[in-house]
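Thanks, everyone, for making the time this morning. I would like to walk through one structure, taking a helix pair, then some charged pairs, and finally a surface patch.

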Amino acid sequence: MRNYTLLMAGLFAVTAAMAQPDRWQQRVKYVMDINMDVNTNRFTGKQKLEYTNNSPDTLTKVFYHLYWNAFQPNSMMDARSEELGKMRINGRSDWDGRVRDRIANLKPDEIGYQKIISLKMNGVAQQYKVQETILEVILSKPILPKSKVVFDMDFETQVPVQIRRSGRDNPTTGVRYSMSQWYPKLCEYDYEGWHPTPYIAREFYGVWGDFEVKITIDKSYLIGGTGYLQNPNQIGYGYEAPGTKVTRPAGDKLTWHFVAPNVHDFMWAADPEYAHITRTIANGPVIHVIYNKDEKQIRKQYDALTEASKARYGSDFQKYLSSYDDQWTRIADAAVTVLPFIEKKFGAYPYKQYTFIHGGDGGMEYPMGTLIVSASLGTAFHEWMHTWYQMLLGTNESEYAWMDEGFTSYAESLVTEYYQAVTKNQVTQSEVGTGPRKTQVVDSLTKSSSFLGRENPHHSAYQGYFALAKSGLEEPLTTHADHFETNFAYSIASYAKGEVFMEQLGYIVGAAVRDKILLEYYNQWRFKHPNANDLIRIAEKVSGLQLDWYREYFVNTTKTIDYGIDSVWEEGGKTKVRLERVGKMPMPVDLYIAYKDGSRSIAYIPQYLMFGEKKPEVAAIPTKTYEAWKWTHPAYVVEVDRKLADVKSIEIDPTQRMADTDRRNNKKELQ
């Protein structure tokens, strides 16, 4: 049985004691008290922020994010969206369809704002300047290295109508409040300096720390979000201990008290029509699923269906309603099913709870929870996997969006494949949770995801990347997330190309070695904000190969991969194959040869800059390692110890893990 107290203490000790020699971490402790008025959609807040400067630098100013100031006409988010909307790609405006020009049309009671009423450091009032979504604080006294200060802030906020990620009264979901980016949040200061990134469109970067949050709101509202509820027996709504009589205090409001240790953000959502499902994973966390059960809202969804769609439910609203409940229940049950696979593949989940919450405008991840607009299982898996590739590693998403969205998409594809395999084989929850059957299913899919004869589960990501590479709109992955020229290029680069990066890494070093890299990456860099080079160094240490060239070509440039079979002939009783590098990016080559007698072989040609080679991945097929291919040479000749008449076919990379942009020249069939 997992002892959470010991586990969390151990992880926090790791954070303090096991940091890389040159990588210090700042630290925060938030205590916030929020009073929400659901009639005006405004709340007042008091925030006490204890800030520890673990850096070697003296800080003369600090910065906060004021995210909701973006939801005002002529904001940077508004202007950027309207500019992108003028560009048409494949016949469509390039703006985010959820934002469009909606901000420009907001009325005064629909905008969002975060107003600072007062701000003190160690009891002394501070000078500050609001620059839209960034609050710049000029300190009356510098914060010295290895010292601690306390900021006290009073603030007032108006919740915007739902535009992007957060807000109120989304007509699609009917959810009242999706509360993300809702409080003045200290910007991160790291080895690169301050990161006062304005809120234009993309995602976030935060300081690790502890949160204690009290939210006072009308009694009819149910809340879900980050953290552990401290007063469940006063609150009820399914949070109370089994068999406990809920005793609520007098008055029209309830105060929900949450604590969240070692996270870099805090999200919550609230609605009077929320339903609450829970599941407890054996030796693991409690899974919460919170969704809008407002029958009027669900009836609107049903009425909007075509007659053919209604017929799938026998044209019966009650059957539709039952199916609606079943979809949300399926998320709770699926989480129980897939966690053993996730933890074995990607590392342990260190918190005591996770919550899937109906809200937001699509899918958006936060510590210990996510906002999802519907009961899509794929979205739920994707957002949960962000726990590993953002919530626990905390990479700067603005600078390394591909390490956030791309690695999460990679993990989502494998989790989805695992879940489909489990359900196809009709494995029950109890079988997955314990015993030999669970081990068999987990182990079978924890191995290489791209053996011969198995469809690559990342196929759609490769297709997306190929479309981008051929579009003429691709930009390097080093581009800041807000600075891509098009939403089209950002989306495919960060999601698809990032996913391809990780699967292709398995092609270069071997899938089993790549899996070890991922676990070592998690073990060494959780709670430490790793960058691209940190990942590459882990990969080099685990694989024993040089991999800086891979980052240089695939991340820093838009050079593409294209290898082809130029010609095949016989000489001296041996088959010779002339390969050519058509693209500008060099790669190792797996050359698969099938013979007419049914036998097979692999000619493996390392890439010179690797200074080594991967181990054979398929034990059943003889593999011969050849001299490394120098990137300066556009052609390479392979000699095979069989006559040409024996050969049936020759193929470059039959597993299709190499991101070869033109596979038409990858295979030759011989008569």
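This is a predicted model: local features need pLDDT of at least 70, side-chain atom pairs count only at pLDDT 80 or more; totals for chains, interfaces and linings use all residues.

Helix 6 and helix 9 cross in a right-handed manner. Their axes, for residues 317-346 in helix 6 and residues 401-424 in helix 9, come within 10 Å, and the crossing angle is roughly 115 degrees. If you follow the contacts from the helix 6 side, the residues involved are R330, A334, T337, V338, F341, I342, K345 and F346, and they meet Y410, A411, L414, V415, Y418, Y419 and V422 of helix 9.

Now to the charged pairs. How many salt bridges does the structure hold? The count is 37, and I will take three of them in turn.

In one of these, the side chains of R578 and D566 meet, with an N to O distance of 3.3 Å. This pair links distant parts of the chain, since R578 sits in strand 27 (residues 574-581) and D566 in strand 26 (residues 563-571), 12 residues apart. Both ends count as partly exposed, R578 because its relative accessibility is 30% and D566 because its relative accessible area is 35%.

Next, K576 forms a salt bridge with E571, and here the closest N and O atoms are 3.2 Å apart. With a relative accessible area of 15%, K576 falls under the 20% cut-off and is therefore buried, whereas E571, at 42%, is partly exposed.

The last pair I want to show is D653 with R663, whose closest N and O atoms are 3.6 Å apart. Is D653 buried or exposed? At 1% relative accessibility D653 counts as buried, while R663 is partly exposed, with a relative accessible area of 23%.

Finally, let us turn to the surface. Which residues form a nonpolar patch there? They are Y608, F611 and W631, which together have about 340 Å² of accessible area. Of this group, W631 lies in the loop that runs between strand 30 (623-625) and strand 31 (635-640), and because its relative accessibility is 40%, W631 counts as partly exposed.

Note on methods: Residues are numbered from 1 along each chain as its sequence is written. Side-chain values use heavy atoms; hydrogens and water are left out. Patches are made of residues with over 30% relative accessible area and no salt bridge: like charges are joined within 9 Å, nonpolar side chains (Val, Leu, Ile, Met, Phe, Trp, Tyr) within 5 Å. Accessible areas come from the Shrake-Rupley method with a 1.4 Å probe; for residues, only the protein chains shown count as cover. A salt bridge is a side-chain nitrogen of Lys or Arg within 4 Å of a carboxyl oxygen of Asp or Glu. Helices (H or I, at least four residues) and strands (E, at least two) are DSSP runs, numbered from the N terminus. Buried means under 20% relative accessible area, exposed over 50%, partly exposed in between (1.4 Å probe, protein chains only). Axes are lines fitted to C-alpha atoms, for helices over the stretch in contact, and angles run from 0 to 180 degrees between N-to-C directions. A crossing is left-handed if the near helix is turned anticlockwise from the far one by less than a right angle, and right-handed if clockwise. Contact means heavy atoms within 4.5 Å.
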